[in-house]
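Have a look at the sequence and the 3D view, then read on.

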Amino acid sequence: MTINQARGCHPKINDMMHHTLESIKKYYDKESGDYPLKNNIERYGYFFDSFRHAEEDNGFDNYIEYNLLQDHELLPKKFPTNESELIEFWTKSIDFLEARSKRIEEYARRNNLSDLKE
């Protein structure tokens, strides 16, 4: 399976980006124990390793920067189990998407990739 297929099928990930990023961070931190998506991430280690720019650089921050995921702390931390958790889940998901959209717009403006006016 690819990472995206695995994150959709793994019971501890439930296709949640926050949990996926936690697994990716564990790869960069060279965690030796078992963690969700470990086998899939290691299979594509060459991709993740490409974000390491120096020997002391673990790469996670570069991965986050490259993918414009700096607002990942806004992501929901668990899958909802009742109505109030579902509302909180939606709210946090929307907050993350709005923050990321703004970051993408800013990136596009800075790099002359957009017709948007400032």
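Let's start with the largest pocket, which is lined by T2, I3, N4, R7, M17, T20, I24, Y44, F47, F48, Y63 and L69. A pocket here is an open set of points on a 1 Å grid over the protein atoms alone, where a 1.4 Å probe fits and protein lies on both sides within 12 Å along at least five of seven lines; lining residues have an atom within 4 Å of a point. Before going further: this is a predicted model, so local features need pLDDT of at least 70 and side-chain atom pairs count only at pLDDT 80 or more, while totals for chains, interfaces and linings use all residues. Residues are numbered from 1 along each chain as its sequence is written, and side-chain values use heavy atoms, with hydrogens and water left out.

The volume of the largest pocket comes to about 260 Å³, taken as the space filled by probe spheres set on the grid points, which are joined across faces, edges and corners. Its lining splits into 8 nonpolar residues, 3 polar and 1 charged. (Ala, Val, Leu, Ile, Met, Phe, Trp, Tyr, Cys and Pro count as nonpolar, Asp, Glu, Lys and Arg as charged, and the others, Gly among them, as polar.) Three helices, α1 (3-9), α2 (17-28) and α4 (45-49), each supply at least two residues of that lining.

What about the chain as a whole? It has 6 helices and 0 strands; these are DSSP runs numbered from the N terminus, with helices (H or I) of at least four residues and strands (E) of at least two. The C-alpha trace spans about 50 × 45 × 25 Å along its principal axes. Of the 118 residues, 32% count as buried, meaning under 20% relative accessible area, with exposed over 50% and partly exposed in between (1.4 Å probe, protein chains only).

Now for the rings. The whole structure holds 12 aromatic pairs, where rings of Phe, Tyr and Trp (its six-membered ring) pair if their centres lie within 6.5 Å; planes under 30 degrees apart are stacked, over 60 edge-to-face and the rest tilted. F51 sits in the loop between α4 and α5 (60-66) and Y66 in helix α5, so the pair ties together parts 15 residues apart in sequence. Y27, Y28, F47, F48, F51, F60, Y63 and Y66 form one aromatic cluster.

| Residue | Relative accessibility | Class |
|---|---|---|
| F47 | 37% | partly exposed |
| F48 | 2% | buried |
| F51 | 7% | buried |
| Y66 | 60% | exposed |

Next comes helix α6. (The expected span is 1.5 Å times one less than the number of residues.) The buried residues of α6 are E85, F89, S93, F96, A99 and A108. After the helix comes N112, with a positive phi near 50°.

Last stop: H19, in helix α2. H19 counts as buried, at 17% relative accessibility. Leaving aside neighbours within four places in sequence, H19 is in contact (heavy atoms within 4.5 Å) with K12, I13, K77 and K78.
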